[in-house]
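Here is a short briefing to read alongside the structure. Please keep the sequence and the 3D view open as you go.

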Protein chains: 2
Amino acid sequence: MRRVPAQIAARLPAAAELFADRGLEDTKVEDIAAATGVPKATLYYYFAGKEEILAFLFQDTLQHMADEVAMAVQAPDSAATRLTAVVDAQLRVMADQPAVCQALVGNLGRAGRIPEIATAITDAYYTPVQQLLDEGVRDGSLRPTEDPTTTAMVLFGAVTISALSYLATDRPLSPESLSPSILAVVLEGLRSSADQAI
Amino acid sequence: MRRVPAQIAARLPAAAELFADRGLEDTKVEDIAAATGVPKATLYYYFAGKEEILAFLFQDTLQHMADEVAMAVQAPDSAATRLTAVVDAQLRVMADQPAVCQALVGNLGRAGRIPEIATAITDAYYTPVQQLLDEGVRDGSLRPTEDPTTTAMVLFGAVTISALSYLATDRPLSPESLSPSILAVVLEGLRSSADQAI
DNA sequence: CGCAAGGTTAGACTGCTAGTCTAAAACCTC
DNA sequence: GAGGTTTTAGACTAGCAGTCTAACCTTGCG
């Protein structure tokens, strides 16, 4: 994949719309050319095919997510507070780029075969969140977990799937209303304090 | 889609393997014929195309999940205990049918366009879990949540994504070891009791 | 200015595969 | 054994991904 010039990169989000609502399969390369205004020959000059266009869009969105998450993690608050900021950040990025996120999740299979994507998710999310979980144990704001890797995946999955179900059904995704519901579960847990623990 | 005879249905899981490790795209209908031993013409006699074969496999696995979840929900224990059983049930089904689950998640986009799948997930999971959450509030074992719909999605997402990341990386998925880590988060929450709440 | 290097594009072309169709066999069921 | 349905091989079509060519444009440099 050659370095993609900015004027072209700027037009690609139109392709994400197509991927999101018809799927990668039912989107012809000619359709992408028509929707973005970038001619087919030019697309092939820069990308090996549709999935590389998709991968390019993912990288971009994941970079946003990495930035937002990094900013949330570096704030001067308690780890618990920063964790809520991480959840908000993920929701904000998803609300911002609904088409790309839908396309991403709807084509995880394809994306999964592009190893950079897996790495990008790890770098953007898992690594910083695991570090945050550690710090939370140290500053006393978070409970220690036996397996921080799994905990990070649980968080990611909780946010991703709930946000996604809004996107998939074309309901508007409002981070402000969704975030408290998710955080209530992952921070306070579902078990009533009256119930005998573990 | 005609009623699929049992001898044919029994051979289809071989197709799930192909979908899971090459993706739907890179699996030719002839490959499916070769892998399952069901001739191409016969496949087309019963199914409109590959995605219908995928959909058929999903329905089957989701039916298992519905059964297992229903059983977990109907046990005579406290709602909190039954909720752990639901998580276990989902993990067990996923561990049992890794290829179908990988194919399902890797092709959610396609699947999403097949409305029966969305309905099947709702019936198999969301509806019973929401009911369970209600009962938990009544029997005092679970904390009330402001939005049970979101809570159900959080649970589903937490389990699905963590299980999936094992499947995707070809690590064996062992429900016994994963389940406690997930449950620790969703039942007890991440916030330390020392931290001032909400 | 003139020219080289590389970006950009139209359009023709190839190859592959999904999906259709036909028609023949095999299998039922009454 | 007649009349239906299922099963299958194999030929065929249509459409799309991806390649290639050759022209055209831009930019920068001597």
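This is a predicted model: local features need pLDDT of at least 70, side-chain atom pairs count only at pLDDT 80 or more; totals for chains, interfaces and linings use all residues.

Residues are numbered from 1 along each chain as its sequence is written, chains are lettered from A and ligands numbered from 1 in the order in which they are written, and side-chain values use heavy atoms, with hydrogens and water left out.

**Two residues of chain B**

- Thr36(B) sits in helix α3, residues 29-36 of chain B (helices are DSSP runs of H or I with at least four residues, strands are runs of E with at least two, and both are numbered from the N terminus).
- The side chain of Thr36(B) has a polar atom 2.7 Å from the backbone oxygen of Ile32(B), and a polar atom of that side chain lies 3.1 Å from the backbone nitrogen of Val38(B).
- Setting aside neighbours within four places in sequence, Thr36(B) is in contact with Arg11(B), Leu12(B), Ala14(B) and Ala15(B) (contact means heavy atoms within 4.5 Å).
- Arg138(B) belongs to helix α9, residues 115-139 of chain B.
- Is Arg138(B) buried or exposed? Arg138(B) is exposed, with a relative accessible area of 67%.
- From C-alpha to C-alpha, Arg138(B) and Ala79(B) are 9.1 Å apart, while 59 residues separate them in sequence.

**Around DNA strand C**

- From chain A, the residues around DNA strand C are Pro39(A), Ala41(A), Thr42(A), Tyr45(A) and Tyr46(A) (a residue is near a molecule or strand if one of its heavy atoms lies within 4 Å of it).
- Chain B brings Thr27(B), Lys28(B), Val29(B), Lys40(B), Tyr44(B), Gly49(B) and Lys50(B) to DNA strand C.
- Helix α4 (40-46) of chain A and helix α4 (40-46) of chain B each supply at least two residues of this surface, and α4(A) gives the most, with four residues.
- By class, the surface near DNA strand C has six nonpolar, three polar and three charged residues (Ala, Val, Leu, Ile, Met, Phe, Trp, Tyr, Cys and Pro count as nonpolar, Asp, Glu, Lys and Arg as charged, and the others, Gly among them, as polar).
- Of the DNA strand C atoms within 4 Å of the protein, 74% belong to sugar or phosphate and the rest to bases.
- Phosphate oxygens of DNA strand C lie 2.6 Å from a polar side-chain atom of Thr42(A), 3.1 Å from a side-chain N or O atom of Lys28(B) and 3.4 Å from one of Tyr44(B).

**Around DNA strand D**

- Residues surrounding DNA strand D include Thr27(A), Lys28(A), Tyr44(A), Lys50(A), Pro39(B), Thr42(B) and Tyr46(B).
- Sugar and phosphate account for 70% of the DNA strand D atoms that come within 4 Å of the protein.
- Which helix gives the largest share of the surface near DNA strand D? That is α4(B), with four residues.
- A phosphate oxygen of DNA strand D is 2.6 Å from a polar side-chain atom of Thr42(B).

Note on methods: A polar contact is a pair of N or O atoms within 3.5 Å; within protein, one must be able to donate a hydrogen and the other to accept it, and residues adjacent in sequence count only if both atoms are side-chain atoms. Buried means under 20% relative accessible area, exposed over 50%, partly exposed in between (1.4 Å probe, protein chains only).
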